[in-house]
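These notebook entries set out what I looked up in the structure shown here. I begin with charged pairs and then turn to other topics.

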Amino acid sequence: MKASVYIHIPFCEQHCYYCAFTVAVTAESAYEPYVRRLIQEIRSSGLSETGTIYFGGGTPSIIPPSLLGEVLGVIPKSDEEVSIEVNPGTVGWEKLVQYRDLGIQRISLGVQSLEDEDLERAGRLHRSDSVFRDYDMIRRAGFNNVNLDLIAGLPNQRLQTWILNLEGVVRLRPEHVSIYLLDQEERSAWGRHLPARTSDDDFAIFYQEAAERLSSAGYRQYEISNWALPGKECRHNLGYWTGLHYRGFGVGAHSYDGTERFWNTASLSEYARLIDENQSPVSGRETLTLQMKIEETFMLGLRLSHGFDVLAASRTFGFALPSEWFLKVDQFQHEGLVEFDGSILKLTPQGRLLASSVTEELLWPGPLSTFAATP
């Protein structure tokens, strides 16, 4: 089976206040040694077939395209989808042309907001004018598959400001839009102290505004946080949500082979030491139990707008859905939170606002606490 490939480039110009990813603010002299080790890890992995390829971070766009080209040179060629995350202000015409020549087809622009007051409070270096300038340049360079990331619920963000963000995105008309509700991650600066936390009611209003305005503009919501014009869904991320295998390379990267999940050390120095000693950078593993597989089927399946086939899952994993579970589903249908036709289960627009709690209710109690597993 082809595995989707994720390449982690951890380098950033600075730590954003909301960020909890594995990132490093360091000198440019660190870029090439890291890529050399990354290439060594890929070569020693035995990777033979590749699905989609995704450069994430961090800020992949701050390292020279020539280094990205060297990485792509040791990965089996993919004709599916090659994406890169880009921060406004970190690309120019020459760099974009090099991306195109390397076979990169999809660009995800980390806008976060189109309003300067939001960007300043979030600790972003760029301002809105660089977003519009870079977006225009990306289009002129020939890219016809572009995603814009937005964050809803930034501290002190006003509804009118959020609406201006949405109107700006609709005018730009990228092929894909990702909208994330601000999460108070413990590892981020705001996780330790988040000023003016947005209320759940305000989050709901922001989310509904996004869903309504993007739908009216022709975007289809295919996942809780993602909208796309027809045929422009992110194939790489769909692989995660539908349980396909993926292989991650670089510091902190995660992998999944259908049975086992494993992940690399999140320490740059430890990653360097292990690669230099010809050792695996993997720092942890877990074998998925039957219960974990059922949980993930529900959690990932309900993230997708079309839902998932519960009866097919019960046959695959050998569990019987108890009568109590159907009563719970009937209750949620009556409350307008889910739709269930006897096979396909999916969240309604209202249910997406309560996705975590609805999913939890359907699992605990649910098939996991009362299921009859077959040997």
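**Entry 1: salt bridges**

I looked up Arg100 and found that it forms a salt bridge with Asp101, with the closest N and O atoms 3.9 Å apart. I use the term for a side-chain nitrogen of Lys or Arg within 4 Å of a carboxyl oxygen of Asp or Glu. Before going on, I note that this is a predicted model, in which local features need pLDDT of at least 70 and side-chain atom pairs count only at pLDDT 80 or more, while totals for chains, interfaces and linings use all residues. I also note that residues are numbered from 1 along each chain as its sequence is written, and that side-chain values use heavy atoms, with hydrogens and water left out.

I then checked the exposure of this pair. Arg100 is partly exposed, at 39% relative accessibility, and Asp101 is exposed, with a relative accessible area of 59%. My classes are buried for under 20% relative accessible area, exposed for over 50% and partly exposed in between, with a 1.4 Å probe and protein chains only.

I looked next at Arg213 and Glu209, whose side chains meet in a salt bridge of 2.7 Å, N to O. Both residues lie in helix H8 (residues 200-216), four residues apart, which is about one turn of the helix. I take helices (H or I, at least four residues) and strands (E, at least two) as DSSP runs, numbered from the N terminus. Arg213 is partly exposed at 29%, whereas Glu209 counts as buried at 18%.

For Arg273 and Glu277 I recorded a salt bridge of 2.9 Å, N to O. Arg273 is partly exposed, with a relative accessible area of 35%, and Glu277 is partly exposed too, at 41%.

I also noted a network of salt bridges that links Lys2, Glu80 and Arg235. The count of salt bridges by this rule comes to 19.

**Entry 2: an open sheet**

I traced an open sheet of three strands in the order E13-E15-E14, with antiparallel pairing. Strand E13 (308-309) and strand E14 (338-340) stand at the edges with a single partner strand each, so one side of each is left without a neighbour in the sheet. I count two strands as paired if DSSP finds at least two bridges between them. E14 pairs with strand E15 (residues 344-347) in the antiparallel sense over three bridges. Within this part of the sheet, I found Val338 opposite Leu347 in E15.

**Entry 3: Val358**

Which residues does Val358 contact, leaving aside its neighbours within four places in sequence? I listed Phe332, Leu337, Val338, Leu347 and Gly351, where contact means heavy atoms within 4.5 Å. Val338 and Leu347 in this list are the residues I had found opposite each other in the sheet.

I placed Val358 in helix H15 (residues 355-363). Val358 is buried, with a relative accessible area of 2%. I also looked up Leu302, which is 56 residues from Val358 along the chain; their C-alpha atoms are separated by 9.4 Å.

**Entry 4: the whole protein**

The protein has 16 helices and 15 strands, and 54% of its 375 residues count as buried. Among contacts between residues at least 6 apart in sequence, 68% join residues at least 24 apart. The accessible surface comes to about 16,900 Å², of which 50% belongs to carbon and sulfur atoms. For accessible areas, I rely on the Shrake-Rupley method with a 1.4 Å probe; for residues, only the protein chains shown count as cover.
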